[in-house]
Amino acid sequence: MTPAETLRAAANALAPETSETPTLTGEYPDVDACYAHILRTTALTCDAVTRHGVTPDENALWLAPALAAARAILGSEVQP
């Protein structure tokens, strides 16, 4: 599973994708939806990097924390 696929799978496990960007403001903030959005956004960054012929570095500061969290959310089946 690529980093982008892992991030998207974890995001889907947390909350469905919405057409609007979730926020933590309002009467009933949805933390899971907000975190899922962060994971999806990071997956989009992986896609952009890959389109330019670069393999995303799983240890890069912008990717490592989100990828570690995604793997923890999904469980051991996606460990490297």
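Predicted model: local features only at pLDDT ≥ 70, side-chain atom pairs only at ≥ 80, totals over all residues.
From α1 come P3, A4, L7, R8, A10, A11, N12 and L14, and from α2 come D32, Y35, A36, L39, R40, T42, A43, L44, C46 and D47. By class, this contact has twelve nonpolar, two polar and four charged residues.

**How the helices pack**

Two packed helices are described by the angle between their axes and the distance between the axes. The table gives both for the two pairs.

| Helix pair | Angle between axes | Axis distance |
|---|---|---|
| α1 and α2 | roughly 165 degrees | within 8 Å |
| α2 and α3 | about 120 degrees | 10 Å |

Angles over 145 degrees count as roughly antiparallel. α1 and α2 cross at roughly 165 degrees, so they are roughly antiparallel to each other. α1 passes α2 in a left-handed crossing.

The second pair packs at about 120 degrees, which makes α2 oblique to α3. The crossing of α2 and α3 is left-handed. Here Y35, L39 and T42 in α2 meet A66, A69 and I73 in α3. This contact has five nonpolar residues, one polar residue and no charged residues.

**The nonpolar core**

In soluble globular proteins, nonpolar side chains tend to be buried together. The largest nonpolar core in this model has 15 residues. Of these, L7, A10, L39, C46 and L63 touch the most other members. Two or more residues each come from α1 (3-14), α2 and α3 (64-74). α2 gives the most, with five residues.

Leaving aside its neighbours within four places in sequence, C46 is in contact with P3, A4, L7, P56, W62 and L63.

Is T42 buried or exposed? Relative accessibility under 20% counts as buried. T42 has 11%, so T42 is buried. T42 is found in helix α2, which covers residues 31-51. T42 is listed in the contact of α2 with α1, and also in the contact of α2 with α3. Beyond its neighbours within four places in sequence, T42 is in contact with L7, W62, L63 and A66.

**Helix α3**

Which residues of α3 are buried? They are A66, L67, A69, A70, R71 and L74. These buried residues pack against α1 and α2. After α3 comes G75, whose phi is positive, near 95 degrees.

Note on methods:
Residues numbered from 1 in each chain as written. Heavy atoms only, no water. Helix = DSSP H or I, 4+ residues; strand = E, 2+ residues; numbered from the N terminus. Buried < 20%, exposed > 50% of the residue type's maximum accessible area, 1.4 Å probe, protein only. Contact = heavy atoms within 4.5 Å. Core = buried A, V, L, I, M, F, W, Y, C linked by side-chain atoms within 4.5 Å. Axes fitted to C-alpha atoms, helices over the stretch in contact; angles between N-to-C directions. Parallel < 35°, antiparallel > 145°, perpendicular 65-115°, else oblique. Left-handed = near helix turned anticlockwise from the far one by under 90°. Nonpolar A, V, L, I, M, F, W, Y, C, P; charged D, E, K, R; others polar.
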